Amino acid sequence: NRKGLLYLNIQKYKEAMEIFTESLGAIKSRFGEEHIELAWIYQNMSILHLRLFQYKEASDMIESSIAMQIKLFGEKYPGVAKGYIEKGRLFMDQEKVEEGELYMKKGFDLATTIYEESDPIMGLYHLKLGYFYLEQEKC
C-alpha cells in the first residue's frame with residue numbers, strides 16, 4: 001500500500017493501480033475480507049480513480065472504505081470522518097454542490113466528536129471545509 005501511495009503521489013497511476021490491486025489480493029488471502037488495511041487501500045484507490053476522473057469507481061471505493069471501517073470500529077472512527085470528507089470532495093469535483101456539502105459537513109461534524117478542537121487534524125478539516133465554502137462563495 002505504501003509503495004502504491006508513492007506511485008500515486010508521483011502520478012504513476014498505472015503502477016499505483018497494480019500495487020493497490022496486488023495488495024488487495026494479498027491482504028484478502030491472508031486476513032480475509034474484513035481487515036482495516038483493506039479499508040485504507042480502498043480509500044487510496046478512490047483517490048487514484050478521482051485523479052483519473054473515474055467518478056463511479058472512486059465513489060465505489062470510498063463507499064467500500066467507509067463501510068469496512070464502520071463494520072470494524074463503528075461510525076465514530078477517525079477514518080470514517082476522513083472518508084465522508086473525501087466523499088464530499090468527490091461530489092465537489094463533479095459539481096454536485098448539495099451532496100458535497102452534506103458529506104463535508106457530516107465528516108467535519110463527526111470529526112468534532114472524535115478530536116479536540118486543538119488537534120492538528122481539526123485544522124486540516126477546517127481548511128478543507130473553508131475551501132469548500134470559498135469555492136461556493138459562501139463566506
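How many aromatic pairs does the count come to by the rule applied here? The rule takes rings of Phe, Tyr and Trp (its six-membered ring) as paired if their centres lie within 6.5 Å, with planes under 30 degrees apart counted as stacked, over 60 as edge-to-face and the rest as tilted; on this basis the count comes to five aromatic pairs. The model is a predicted one, in which local features need pLDDT of at least 70 and side-chain atom pairs count only at pLDDT 80 or more, whereas totals for chains, interfaces and linings use all residues. Residues are numbered from 1 along each chain as its sequence is written, and side-chain values use heavy atoms, with hydrogens and water left out.

One of the pairs is formed by Phe91 and Tyr103, which are stacked at 5.7 Å centre to centre with 25 degrees between the planes. Because Phe91 belongs to helix 5 (residues 78-93) and Tyr103 to helix 6 (residues 97-114), this pair ties together parts that are 12 residues apart in sequence; helices are DSSP runs (H or I, at least four residues) numbered from the N terminus. Both Phe91 and Tyr103 are buried, that is, under 20% relative accessible area with a 1.4 Å probe and protein chains only. The rings of Tyr115 and Tyr125 have centres 6.5 Å apart and planes at 65 degrees, so this pair is edge-to-face, and Tyr115 and Tyr125 are both buried.

Tyr84, Phe91 and Tyr103 form one aromatic cluster. The charged end of Lys87 sits over the ring of Tyr103, 5.4 Å from its centre, the criterion being NZ of Lys or CZ of Arg within 6 Å of the ring centre and within 35 degrees of the ring normal. Lys106 lies over the face of Tyr84, at 4.5 Å from the ring centre.

Note on methods: Helices (H or I, at least four residues) and strands (E, at least two) are DSSP runs, numbered from the N terminus. Buried means under 20% relative accessible area, exposed over 50%, partly exposed in between (1.4 Å probe, protein chains only).
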